There are 2 protein chains.
Amino acid sequence: MSAKEVLEEKIKQQGELVRKLKGAKESKEKIAEEVAKLLQLKAQLNDGSEASGPPQKFTLKNPKGTRDFSPKEMAVRNSVLEKIIEVFRKHGAQSIDTPVFELKEVLTGKYGEDSKLIYDLKDQGGEILSLRYDLTVPFARYLAMNKITNIKRYHIAKVYRRDNPSISRGRYREFYQCDFDIAGSYDEMIPDAECVKIVYEILDKLNMTPFVIKLNHRLLLDGMFEACGVPKDSFRCICSAVDKLDKSPWEEVKKEMIEEKQLPESVADQIGEYVRLNGKTELVEKLLQDPKLSQNKNAVAGLEAMKLVLQYCQIYGTLDRVSFDLSLARGLDYYTGIIYEAVLLGDNDKGDEVSVGSVAGGGRYDNLVGMFDPKNKQVQCVGVSIGVERLFAVLEAKLATKNEKIRTTEIEIYVASAQKNLVEERMKICNELWESGVKVEHSYKKNPKLLAQLQHCEEFGIPLAIIIGESELKNGIVKLREVASRKEFDVPRNKLSEVVKEHLAEYAKQNSCNGSS
Amino acid sequence: MSAKEVLEEKIKQQGELVRKLKGAKESKEKIAEEVAKLLQLKAQLNDGSEASGPPQKFTLKNPKGTRDFSPKEMAVRNSVLEKIIEVFRKHGAQSIDTPVFELKEVLTGKYGEDSKLIYDLKDQGGEILSLRYDLTVPFARYLAMNKITNIKRYHIAKVYRRDNPSISRGRYREFYQCDFDIAGSYDEMIPDAECVKIVYEILDKLNMTPFVIKLNHRLLLDGMFEACGVPKDSFRCICSAVDKLDKSPWEEVKKEMIEEKQLPESVADQIGEYVRLNGKTELVEKLLQDPKLSQNKNAVAGLEAMKLVLQYCQIYGTLDRVSFDLSLARGLDYYTGIIYEAVLLGDNDKGDEVSVGSVAGGGRYDNLVGMFDPKNKQVQCVGVSIGVERLFAVLEAKLATKNEKIRTTEIEIYVASAQKNLVEERMKICNELWESGVKVEHSYKKNPKLLAQLQHCEEFGIPLAIIIGESELKNGIVKLREVASRKEFDVPRNKLSEVVKEHLAEYAKQNSCNGSS
């Protein structure tokens, strides 16, 4: 065993000890002591590896919960993101960017219990920094810092959460968020309805049908809790319990309310009656007549707001996929008005449409920006976050099922040589075509085999190839080959760019007619 | 003073103490002790703020050396990046992505002295992680880990360096890198010449003329040092000294060689003769006849390689802006073959073209991937990194000089109302246009003032507006207004989409003819 291996073994043992102590709920002091020892051992390991030379002996891997993206994965991701950005821009969104880390203080007190999932940077003698946990808090910080009171922006970037990664369920520690938000003092439900429209357009464009966009309102939830007799200081924790209804049956949620949150069973049962309801405007009307809710100010305000947003959804053509759903609660504390969540639907065993996962969510948060303002000045905001990681996964699965080939490059034509010593001829032709804007490549080998060159075309789905040979060049011609059909044409060398461009235009036309990519 | 302020004052004092001790080169133990106290104080501050409620009392700011990007800055950045990506893809590059952090071990031993600039993450009980310092090392790790032996890829992402930020000189701690690399065993200088071509195309496309791409070769530098009598173990440090010639005059560099690197003056003088040379193929030929260099194996190999790459540059049409420059050395240790650097040229007082800054650089690094392979298996690589941050800055300065307005949204048409109570009409029209693919927006206020709506169009450079009024709607028409000329047309309400699309097509045609954006 090398010194390093000995050290690694010690670290492993010490790590196990710490886990054991934590499991046994030992005293904090005892645990802290052993954690300190662990950190010291790790620091030693680190010092050692600074000095050691290559090649290195550690296991090559990505940090836990992260991954690389191959060209194929990137091709899917880029095409999805392009489509989403197109929708955002169609609605007039500007783009902004913020740093990947923030002063830790900026994130403090924004995520409740989940704060423990924040990645901190090491104190290297400067500021105390943390990696961003979402894009909403940096957005609010940006607005407050720059005193911006109205903006419509999108932001697509990675965020970081030290969650237990569940690779099989597509949950990672580094993942994309894709946010659209409207900040400003506007009239009720007009920007809110446009956020719903944007979710609708994106899912439609990505062929994610069937889907449903569930809507609810925090005021209605508060009013409902109040009307059912939930103590005011339990609103948020009961809300969190309701939020679990998308994954757990009512019976379990009810049990949590009674046993963990100390709610009387009768109160829980009343909530249970409401949260099973969903519908559209007719449900709003019915609830406005409800003996309990109609007496509650918050509930009525929430219901009136729902009525308005459903009316706007009708105008924006989204109502067919919208559902007013009283079980929707959303986890985050900071929502103050409408909340929504889009879920994809699949068929269950009985052929009924059931949710197969949330792919977008958001709502109104009118009090967040004020938390950053010294005078607590508020900026009203409503926004939506597209769950792109899940969309990527769904699309990749679809492509795999259809066995569809994804192109990872955009090369239109490959310049191949049939004999030796033609590398400079290939380079000349490539250069001519690059100059006229054609996407072209050739082998980086001086004398590649013709078969290898043609295989490259097949592998990368390149539609056309130029094949040059000595005798043809002497006669002033080159061969143009359609890779799929293997048809070949003679083309005068001095008209090459022209003819190639004609062929590419023809090819593009055919492909857009076929609807293939 | 609040408890927090007292703590902050203590931290400030303790920080000053630590800096003083470091400045006075006190013993490591003493410094470590005081640093530990400092960290403990900071940890206390942190615990406290977890509990405190909003609004927060700290100064709102970005972490040192980082910044937000406003919609205007993003518009410039996005347009530059799009153009660069277009060139990369024209040459057949695929895209990949890697996590923002790596296991610290991956970065260890790759950056020499600069390792101290790496951002580490806090040990939160898991792996020891660091933020990436560049995109080249993660690329090499990706190749070794996935056993990829050939790929042509680009990667555009932010990297992190705890450098002293110099905002005035555009140096930040978080900045974009924009890399293109070709990995694989190919024939000499063929991929290398294409990297030069790519730099040429990008700078040309961004109108960054005049520029020059300096080329040199590490083997030639080694051979030259050897021929001049530099001891072998001083090659890299003399190389670093030569690298400073783009910023310092020869006399200073010579002084450094003699005083700091202990080189005899006669040796430094010989190097001085060579590093003032630059030219093209004729210089290669001359140096191949040089009495000292022609006797040195490395020098001759380097010169033969330079001859070949210049020949390929001639074919690729880049020779006019290429300069074989013996003063080019590049800072990084890992280069093994050709090196290059593109600099923008400006006029000095005398009207001569002088360098105003490096905007791209790169070279061949055949030994880096092997550092990650347990059997030290090498993958040959050559690549280039585009200095996009400097390109952004140059472009922004140009735009500011020309007083050119940059559009931050793509909205083509704005739907305005001339009277009250028309919000639903506006929404209907927006929806129709969205459905037919038009980029459109309207006010989120129920009854906005007409003037405010038209001002919005001017502010955001929206070319067309639709203005609806009650009497016109009754007569089945709406007004279409050209924002710039203030010309208005009546359009039948039921032909709106059609007419709008015709106008937009006409507008696009005019603008592409004018060459404006």
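1. A quick definition before anything else: contact here means heavy atoms within 4.5 Å. Keep in mind too that this is a predicted model. With that settled, look at helix 14 (residues 423–435) of chain A, which lies across strand 12, strand 13, strand 14 (464–468) and strand 15 (477–482) of chain A. Against strand 13 of chain A, helix 14 runs at about 170°.

2. Those strands belong to an open sheet of five, ordered 13-12-14-15-16 (chain A), and the pairing is mixed. Strand 13 (440–442) and strand 16 (488–492) of chain A sit at the edges with a single partner strand each, so one side of each has no neighbour in the sheet. On average, neighbouring strands here are turned by 30° against each other, direction ignored.

3. Strand 12 (residues 413–417) of chain A runs parallel to strand 13 of chain A, and three bridges join them. One pair to find on screen: Ile413(A) has Val440(A) as its bridge partner in strand 13.

4. Now strand 6 (residues 211–217) of chain A: seven of its seven residues are buried. Phe211(A), Ile213(A), Leu215(A) and His217(A) point one way, while Val212(A), Lys214(A) and Asn216(A) point the other.

5. Strand 6 of chain A has strand 9 (residues 338–347) as an antiparallel partner, through seven bridges, and strand 8 (residues 322–325) as a parallel one, through three. Ile213(A) takes part in both pairings: its bridge partner in strand 9 is Ala342(A), and it stands opposite Val322(A) in strand 8.

Conventions: Residues are numbered from 1 along each chain as its sequence is written. Chains are lettered from A and ligands numbered from 1 in the order in which they are written. This is a predicted model: local features need pLDDT of at least 70, side-chain atom pairs count only at pLDDT 80 or more; totals for chains, interfaces and linings use all residues. Side-chain values use heavy atoms; hydrogens and water are left out. Buried means under 20% relative accessible area, exposed over 50%, partly exposed in between (1.4 Å probe, protein chains only). Helices (H or I, at least four residues) and strands (E, at least two) are DSSP runs, numbered from the N terminus. Two strands pair if DSSP finds at least two bridges between them. Axes are lines fitted to C-alpha atoms, for helices over the stretch in contact, and angles run from 0 to 180 degrees between N-to-C directions.
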